[in-house]
Amino acid sequence: MPLDAAAIGKACGGRLETGDQLCGRELERVRAALASGSPVTVSCTLKAPLFREVAEELSAGDSVAFANIRETAGWSAQGGAAGPKMAALLAAAAEPAPAPASVSFESQGVALVYGRDEVAVEAGRRLADHVDVTVLLSRPGEVAPPRSSEVPVLKGTVRAATGHLGAFSLRVDDTALPLASSRRTLEFGPSRDGATSTCDIVVDLTGGTPLFPAHELRSGYLRADPRDPAAVERALFEASHLVGTFDKTRFVDFHADLCAHSRSRITGCTRCLDVCPTGAIAPAGDHVAIDPHVCAGCGSCASVCPTGAAAYALPPADALMRRLRTLLAAYHKAGGTAPVLLIHDEAHGAPLIDALARFGNGLPADVLPVPVNEVTQVGPEAVAAAFAYGAAGVRFLVRARPAHDIAALARNAARLQTVADALGYGAGVVALIETDDPDALGLALAEGPRGTPAPTPSGFMPDGDLRGVLRFAVSEMHHAAPRPVDRVPLDAGAPFGGLDFKTEACTLCHACVGACPTGALADDPDRPRLTFAESACVQCGLCAATCPEDVIGLVPQLDFAAWAAPRRVLKEEEPFDCIACGKAFGTRSTIERVIGTLRDRHWMFAGPAGEARIKALMMCDGCRVSHVLTEGFDPHAAEQNKPRTSEDYIRARQG
């Protein structure tokens, strides 16, 4: 393949070495580079195991990175123009990514085989040598009695199931034990409902509705069609090996203090709950809780979370954006223009790209592949940053039949396309490519629109919490835009927006301030005032749901002028000063309205005696208590409110 060493060296910096057999007769050159102690990037993934072995021998395992510039760049009909792309891929590969945390599963090998007929009984018998197995038959027909009871066989139907590998809990109805006297067919004794079964592994051979949503992603739950012997064999083989301790990546870092789910039992943001395919997320008071054992790592929750409470960890959003920054900066430095990012996963996208390189025309020279764990993990901050860094388009490669629900990804892509179009980047520059065919992928990339990249790309460094990074990335996308505008209307559900506020109806009770999880709404300790920072609003709706006067509505939009302006005053009133000490408390309009209402409608505040009580309403808390104690107010002193006694009735009768 062509190799533009000058372009690569110009963009990547450091020392560039080329060779013909760095994995063979020139291996000592690699060994010497690793022994130098400097970070080393090897542009070959085919022999990565060999290079890793050498690095481990030299205790340099953490200093070596790998980049594939053959299938992704050189093996292409446009390989001669792929020098800037090779430079970008090599530079991005050297960007460090922190290792994610993990969670552990403990399985003691207690298995439940759930079926309807002899297939389940035979499966239980075959598993018995490997795990502690019980067979549960749901509404069985004519099942021959087993010759021995080494494997327990019961009747029952699972009505509800929760848990994961090592911790399943099943609610079973119609539970019954088999009769030892069964002769021709297996018969059962009296049944009961509401039984609970716990186990480590569930092998579902019913052929019916799965016990879990996104069941193929539930660790420890194995499902096979009982009419497919090969599928049953695969399930039994996997079940027999699920004994012991297993580690799994903790895909999402969750920060409950940032969650905008609920306040005071009023529900606000439910974006993550709406998109989670496995049921790993559940309400837990004012926030949600994510079960890392059930989470399958699709990342949809992180891509839609407006506050950064749910943050993807493989890699973290800021690490991914640093890689994009390095990728695009190196591409431009090497002389490339108007690149298109192809975001793909390793399981589906990488084989498709390899097939296109080996048997087709390969990727176009201006298409930069960006591998991620799951395409659905990518949020709006990464797309916005890509345009700010100088991309001319972003494509998401997904399966024709996706393993994860891509609705949230499609909404994010459409939303960012709206913003990109409004800011002059072009139409159709953010899109999904849904295919399993490498030729279709190549055609879509070759014919897809290229937009207008930023005239002067940004070089901002992503830092801070996810919400801050998101605001910064969108702001930089606006600053770098070919045709910036101050305001972009968005669809309902967008994580940005303002408020439709009815100022006259607001009583400044500040209930909305207590409900706002991000500080977008705030009061003023020195005077009756309500302020709003639009850049902090996530459109969770808690303020609108909490407001007792119904004066707040949501307006999804990107108002860049409002983002750049100071906090906006939504409502401000003249404070009422305590007539005793002069301290401001409450608003003048509210105090005067209360006094007027009580003076006209309540006997305690009428006439000369009521004026002393009205004075108490014109005082702050401390002065009011002192005034009431000094005056010795007695609510029963007034003639209108004296309680009547037996003596009163006797005197009235005598009179």
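1. Contact here means heavy atoms within 4.5 Å of one another. The structure is a predicted model, and on that criterion Leu352, Ile353, Ala355 and Leu356 of helix α11 meet Pro438, Leu441 and Gly442 of helix α14. Sorted by class, the residues in this contact are six nonpolar and one polar, with no charged residue.

2. Helix α11 spans residues 349–359 and helix α14 spans residues 438–447; their axes lie 8 Å apart and form an angle of about 85°. Angles of 65 to 115 degrees count as roughly perpendicular, and α11 and α14 are therefore roughly perpendicular to each other.

3. As to the domain division, the assignment places residues 5–98 + 315–475 in domain 1, 104–247 in domain 2, 250–312 in domain 3, 497–572 in domain 4 and 580–631 in domain 5. The centres of domain 3 and domain 5, taken over C-alpha atoms, are separated by 48 Å.

4. Concerning overall form, the protein chain contains 22 helices and 29 strands. Its radius of gyration is 34 Å, whereas the globule rule gives 26 Å for 655 residues, so the chain is more spread out than a compact globule. Along the principal axes, the C-alpha atoms fill a box of roughly 120 × 85 × 45 Å.

5. Two further values describe the protein chain as a whole. Of its 655 residues, 47% are buried. Among contacts between residues at least 6 apart in sequence, 67% join residues at least 24 apart.

Technical notes. Residues are numbered from 1 along each chain as its sequence is written. This is a predicted model: local features need pLDDT of at least 70, side-chain atom pairs count only at pLDDT 80 or more; totals for chains, interfaces and linings use all residues. Side-chain values use heavy atoms; hydrogens and water are left out. Axes are lines fitted to C-alpha atoms, for helices over the stretch in contact, and angles run from 0 to 180 degrees between N-to-C directions. Helices (H or I, at least four residues) and strands (E, at least two) are DSSP runs, numbered from the N terminus. Angles under 35 degrees count as roughly parallel, over 145 as roughly antiparallel, 65 to 115 as roughly perpendicular and the rest as oblique. Ala, Val, Leu, Ile, Met, Phe, Trp, Tyr, Cys and Pro count as nonpolar, Asp, Glu, Lys and Arg as charged, and the others, Gly among them, as polar. Domain bounds come from an automatic or database domain assignment. The radius of gyration is taken over C-alpha atoms; the globule rule is 2.2 Å times the number of residues to the power 0.38. Buried means under 20% relative accessible area, exposed over 50%, partly exposed in between (1.4 Å probe, protein chains only).
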